[in-house]
Amino acid sequence: MIWIVTDSAQEMKNDKGKGLVVVKLPVLVNGEVPQEEITDEQFYLLLDSEGVNLTTSQFSPAGFAELFEELLKDPEDEVVAVCLSSTLSGTYNSARLAAMEFGGRIHLVDSNNACLSQTALVKEALHLRDQGMDASEIADALEQAKKEVKLFALVPTLKYLKKGGRISAAKATIGELAGIKPIVTIDENGEVGVAAQTRGIKKAIRQIASLVEEAGLDPNRPIALGYSGLEDANIHALTTELESVLGISLAHVEPCSLSQVLGVHVGPGAAGIGFFTKK
């Protein structure tokens, strides 16, 4: 078995039956791990509650070591780990430290991505494995693939990314102007950047579709659509606009709700797409 391991900075769900394991990055409430699981309804209420501070943390080396030991009980098994961009989190480094104990059976990929573009990479990893590639070949292919994946997302405000240190104050300034809706991306260094800016949700959705068309979406490779918050109107509007501009159907791509670890950094109302560009 070749296990694909990733983290909850992307949207694929844990599915051991399909050889996919997703480690859950901690969401802390006032610096503490909650005793009970928080529902999405509770999470978004807490996000803007007075006196409540939600933060995220990396997965620990010890946690990865325990997981890798469990997955590699069969001497024939290997792991391909596709981690959140190392410029945004220490999770990749935690996996790297843990992998040293396993004699080359762990193949690590710093995705240089997050959110929906990381999701697309994980989907690609599963596809390559199911096509018969071995673990080393998958990791090598993903090193190239991560240069071909894009993220564009409408984020109603950059205040959450700024608060969490995922974007600089200078980059966040544009999001503080009245009516401006920034469109974020992940740059070649694996950092969050602003790809464009416009006024109003409808114009931002049209701008994303234009950016995707300009980049050259490859409909034959994995696509990920997602939204944050409890309402999905923005992602449905974006899907409709993308289908119109690109002239393709996205009916086969089920929009997903972004994980709470991403909700901490983007807040409610975000909507975006992760996709591969045509070679």
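Mentor: What follows starts with the salt bridges and then moves on to strands, cores and loops.

The model is predicted: local features need pLDDT of at least 70, side-chain atom pairs count only at pLDDT 80 or more, and totals for chains, interfaces and linings use all residues. Residues are numbered from 1 along each chain as its sequence is written, and side-chain values use heavy atoms, with hydrogens and water left out.

A salt bridge here is a side-chain nitrogen of Lys or Arg within 4 Å of a carboxyl oxygen of Asp or Glu. The whole structure holds five of them. One of these joins the side chains of Glu124 and Arg221, at 2.9 Å from N to O. The two residues come from distant parts of the chain, 97 residues apart: Glu124 is in helix 4 (residues 115-130), and Arg221 is in the loop between helix 8 (201-215) and strand 10 (223-227). Helices (H or I, at least four residues) and strands (E, at least two) are DSSP runs, numbered from the N terminus.

Arg221 also forms a salt bridge with Glu148, where the closest N and O atoms are 2.8 Å apart. Glu148 sits in the loop between helix 5 (135-145) and strand 7 (149-154), while Arg221 is in the loop between helix 8 and strand 10, so this pair ties together parts that are 73 residues apart in sequence. Through shared partners, the salt bridges join Glu124, Glu148 and Arg221 into one network.

How exposed are these residues? Buried means under 20% relative accessible area, exposed over 50%, and partly exposed in between (1.4 Å probe, protein chains only). Glu124 is buried because its relative accessible area is 8%. Glu148, at 10%, also counts as buried, and so does Arg221, at 15%.

Another salt bridge pairs Arg129 with Asp130, with the closest N and O atoms 3.3 Å apart. Arg129 is buried at 14%, whereas Asp130 is exposed at 56%.

Now to the strands. Two strands pair if DSSP finds at least two bridges between them. Strand 7 pairs with strand 12 in the antiparallel sense, over six bridges; in this pairing Ala153 has Gly272 of strand 12 as its bridge partner. Strand 10 is also antiparallel to strand 12, and five bridges join them. There, Ala224 stands opposite Gly274 of strand 12.

Strand 12 (residues 271-276) is mostly covered, as six of its six residues are buried. Ala271, Ile273 and Phe275 point one way from the strand, and Gly272, Gly274 and Phe276 point the other way.

Next, the cores. In soluble globular proteins, nonpolar side chains tend to be buried together. A nonpolar core is a set of buried Ala, Val, Leu, Ile, Met, Phe, Trp, Tyr and Cys residues joined through side-chain atoms within 4.5 Å. The largest one has 52 residues, and the members that touch the most others are Val5, Phe43, Phe64, Phe68, Val79 and Ile106. Helix 2 (residues 61-71) gives the most to this core, with five residues. Contact means heavy atoms within 4.5 Å. Phe68 is in contact with Val79, Ala95, Ala98, Ala99, Phe102 and Ile106, leaving aside neighbours within four places in sequence. A second, separate core has 22 residues, including Ala204, Leu211, Ile223 and Tyr227.

Ser89 lies between strand 5 (78-83) and helix 3 (91-99), and it counts as buried because its relative accessibility is 13%. Its side chain makes a polar contact with the side chain of Thr91, at 2.9 Å. A polar contact is a pair of N or O atoms within 3.5 Å; within protein, one must be able to donate a hydrogen and the other to accept it, and residues adjacent in sequence count only if both atoms are side-chain atoms. Not counting residues up to four places away in sequence, Ser89 touches Gln58 and Leu84.

Asn30, in the loop between strand 3 (27-29) and helix 1 (40-47), has a positive phi of about 55° although it is not a glycine. Asn30 is partly exposed, at 45%. Asn112 has a positive phi too, near 60°, and is placed in the loop between strand 6 (106-110) and helix 4.
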